[in-house]
Amino acid sequence: GVRRLTAPDIRARKGGAPVVGLTAYHAPGARLADEHCDFLLVGDSLGMVLYGYDTTVPVTLDMMIAHGAAVVRASRHALVVVDLPFGSYEDGPQAAFRAASRVMKETGCGAVKLEGGCHMAATVGYLVERGIPVMGHVGLTPQSINSFGSFRPRGRDDVESEAIAADAEAVVSAGAFALVVEAVPVRVAAALTRAMPVPTIGIGASVVCDGQILVAEDMLGLMPRVPKFVRRYAEVGAIASDAIARYARDVRNRAFPGVENTYAEPGFEAPDIAP
Ligand code: KIV
Ligand code: NA
């Protein structure tokens, strides 16, 4: 059978073929993406995309575990990476290990991701030493939205770009197997990609990164507004809206269900129902 990709497999792609990542939150999304992607990220962006929150801050560990388990069940090729949500790991390495070990045991995923740099390096090292592969995430880290004040790009001045370089160096030195780099200028992404011994996975970080990730609902055209860095590969929302409109019309016209959708019973003729 197929062997599922592992964190070391992704790590080994540094300098090789670009790494393809996509978010997946549920079984149908996982089935679709698993065919084509190297890793599936069960991102805490699900709080905004699926649950309608304004930020990822309200997302809980139980939510991540429920969605992570669904994605693992519905995939077999891609590495599944599950985000640690806000509040589940910042309190220190031991708290992070408790959260991450629950995620690993209860979902069967192959790695976790957490946001942060220098101040998270000790935590990354603690998890990695204990058998939990960690993907880092620097640049725009949405769980810090209340400190940043907005979802604007990061690293556009020297103070910020130097801080991001230090963050990347810290989590990668601590053992992260790959690094998400979110919403930074190409100059910053290029410097990180050159400096880091592990793949950089860009989102809003230009084509220079070692791989890319997008939120599936963004690139499929299911979200009304998307950031500049998203390419909309399809307008699935428009297709779905048209399908639902035709369903509603058919129900109102008694054109659905048809005989082919109906359990027949010998000797029983359906009564005529005036439309
Ligand atoms: O939560 C998420 O979807 C993410 C990616 C966009 C990197 O963290
Ligand atoms: Na995330």
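Of the 275 residues of the protein chain, 47% count as buried, a term that denotes under 20% relative accessible area, with exposed meaning over 50% and partly exposed in between (1.4 Å probe, protein chains only). The model is predicted, so local features need pLDDT of at least 70 and side-chain atom pairs count only at pLDDT 80 or more, whereas totals for chains, interfaces and linings use all residues. Residues are numbered from 1 along each chain as its sequence is written, chains are lettered from A and ligands numbered from 1 in the order in which they are written, and side-chain values use heavy atoms, hydrogens and water being left out.

The protein chain has 11 helices and 8 strands; these are DSSP runs numbered from the N terminus, with helices (H or I) of at least four residues and strands (E) of at least two. Along the principal axes, the C-alpha atoms of the protein chain fill a box of roughly 75 × 35 × 35 Å. Contacts (heavy atoms within 4.5 Å) between residues at least 6 apart in sequence join residues at least 24 apart in 57% of cases.

Several strands pair, which requires that DSSP find at least two bridges between them. Strand β1 (residues 19–23) runs parallel to strand β8 (residues 211–214), with 4 bridges between them, and V19 has G211 as its bridge partner in β8. G211 in β8 also stands opposite I201, and strand β7 (residues 200–203) is joined to β8 in parallel by 2 bridges. β1 pairs with β2 as well, in the parallel sense and over 3 bridges; here L22 is partnered by L40 of β2. Within β2, F39 and L41 point one way while L40 and V42 point the other, and all are buried.

The sodium ion (ligand 2) has D44 (OD) and D83 (OD) as its protein donors, at 2.2 to 2.3 Å. Donors are N, O and S atoms within 2.8 Å of the metal (3.2 Å for Na, K and Ca), and sites may look incomplete because water is not among the atoms. D44 lies in the loop between β2 (39–42) and α3 (46–49) and D83 in strand β3 (residues 79–83), so the pair ties together parts that are 39 residues apart in sequence. D44 is buried, at a relative accessible area of 5%, and D83 is likewise buried at 3%.

D44 is also among the residues in contact with E115, as are Y89 and H137. E115 lies in the loop between β4 (111–113) and α6 (121–129). E115 is buried but has no salt bridge, the nearest side chain of opposite charge being that of K113, 5.0 Å away. The side chain of E115 does reach the backbone nitrogen of Q143, at 2.9 Å.

A salt bridge is a side-chain nitrogen of Lys or Arg within 4 Å of a carboxyl oxygen of Asp or Glu, and the count by this rule comes to 11. One of these joins R3 and D9 at 3.0 Å, N to O; R3 is exposed, with a relative accessible area of 55%, and D9 is partly exposed, at 23%. In another, R152 and E160 have their closest N and O atoms 3.0 Å apart. R152 is partly exposed, at 37%, whereas E160 counts as buried at 17% relative accessibility. Salt bridges that share partners also join D62, R102 and E106 into one network.

Technical notes. Lys and Arg count as positive and Asp and Glu as negative; His and the chain ends are not counted. A polar contact is a pair of N or O atoms within 3.5 Å; within protein, one must be able to donate a hydrogen and the other to accept it, and residues adjacent in sequence count only if both atoms are side-chain atoms. Lists of a residue's contacts leave out its neighbours within four places in sequence.
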